[in-house]
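Student: I'd like to go through this model and test each label against its cut-off. Can you show me the chain before we start?

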Amino acid sequence: MNAPQNPVDEAEARRRLAELQLDHSDLEVAILAIGQSPVPDMLVIGRLKRKKLALKDQIQRLKDQLTPDIIA
């Protein structure tokens, strides 16, 4: 139902999905690095975690768009 209408839209959605997944992974690395510092900045970690969660939601929405609806 929400699937991209043509191959160009699907290719763009897949490119955007890969970009979001990379950003999500980068945030995970940043959160771990800040958490391992002698005095971790919990405010920054909280902001990064919220951003990471928002990216996860965007990733899931794109995956849902790319997955065709199958009526069982």
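Student: Which residues of helix 1 are buried, and how do you know what counts as buried?

Tutor: Ala13, Leu17, Leu20, Leu27 and Ile31 are the buried residues of helix 1. Buried means under 20% relative accessible area, exposed means over 50%, and partly exposed is in between (1.4 Å probe, protein chains only). Keep in mind that this is a predicted model, where local features need pLDDT of at least 70 and side-chain atom pairs count only at pLDDT 80 or more, while totals for chains, interfaces and linings use all residues. Residues are numbered from 1 along each chain as its sequence is written, and side-chain values use heavy atoms, with hydrogens and water left out.

Student: What covers those buried residues of helix 1?

Tutor: Helix 2 is part of the cover. A contact here means heavy atoms within 4.5 Å.

Student: How do you know what span to expect of helix 1?

Tutor: The expected span is 1.5 Å times one less than the number of residues. Helix 1 has 29 residues, and its 42 Å from first to last C-alpha is close to the 42 Å expected. Helix 2 (residues 42-66), with 25 residues, reaches 36 Å, close to the expected 36 Å.

Student: Which residues are buried in helix 2?

Tutor: Ile45, Gly46, Leu48, Lys52, Leu55, Ile59, Leu62 and Leu66.

Student: Why is Ile45 called buried?

Tutor: Its relative accessible area is 7%, and the cut-off is under 20%, so the label holds. Leaving out residues up to four places away in sequence, Ile45 touches Ile31, Ile34, Gly35 and Pro40.

Student: What makes a group of residues a nonpolar core?

Tutor: A nonpolar core is a set of buried Ala, Val, Leu, Ile, Met, Phe, Trp, Tyr and Cys residues joined through side-chain atoms within 4.5 Å. The largest one has 11 residues: Ala13, Leu17, Leu20, Leu27, Ile31, Ile45, Leu48, Leu55, Ile59, Leu62 and Leu66. Each of helix 1 and helix 2 supplies at least two of its residues, and helix 2 gives the most, with 6. Two members, Ile45 and Leu66, sit 21 residues apart in sequence and 31 Å apart in space, C-alpha to C-alpha.

Student: Why is the pair Lys52 and Glu28 called a salt bridge?

Tutor: The rule asks for a side-chain nitrogen of Lys or Arg within 4 Å of a carboxyl oxygen of Asp or Glu. Lys52 and Glu28 meet at 2.1 Å, N to O, so the pair passes. This bridge links distant parts of the chain, with Lys52 in helix 2 and Glu28 in helix 1, 24 residues apart. Lys52 is buried, whereas Glu28 is partly exposed at 28%.

Student: How many salt bridges does a search of the whole structure find?

Tutor: It finds 5. One of them joins Glu10 and Arg14 at 2.9 Å, N to O. Glu10 and Arg14 are 4 residues apart in helix 1, about one helical turn. An α-helix has 3.6 residues a turn, so residues three or four places apart point the same way.

Student: Why are Glu10 and Arg14 not called exposed?

Tutor: Glu10 has a relative accessible area of 32% and Arg14 has 43%, so both count as partly exposed.

Student: What is the distance between the closest N and O atoms of Arg15 and Glu19?

Tutor: It is 2.8 Å, and the two form a salt bridge. They also belong to a network of salt bridges with Glu12 and Arg16.

Student: What makes Asp41 a cap for helix 2?

Tutor: A side-chain oxygen of Asp41 lies 3.1 Å from the backbone nitrogen of Leu43, at the N-terminal end of the helix. A polar contact needs a pair of N or O atoms within 3.5 Å; within protein, one must be able to donate a hydrogen and the other to accept it, and residues adjacent in sequence count only if both atoms are side-chain atoms.
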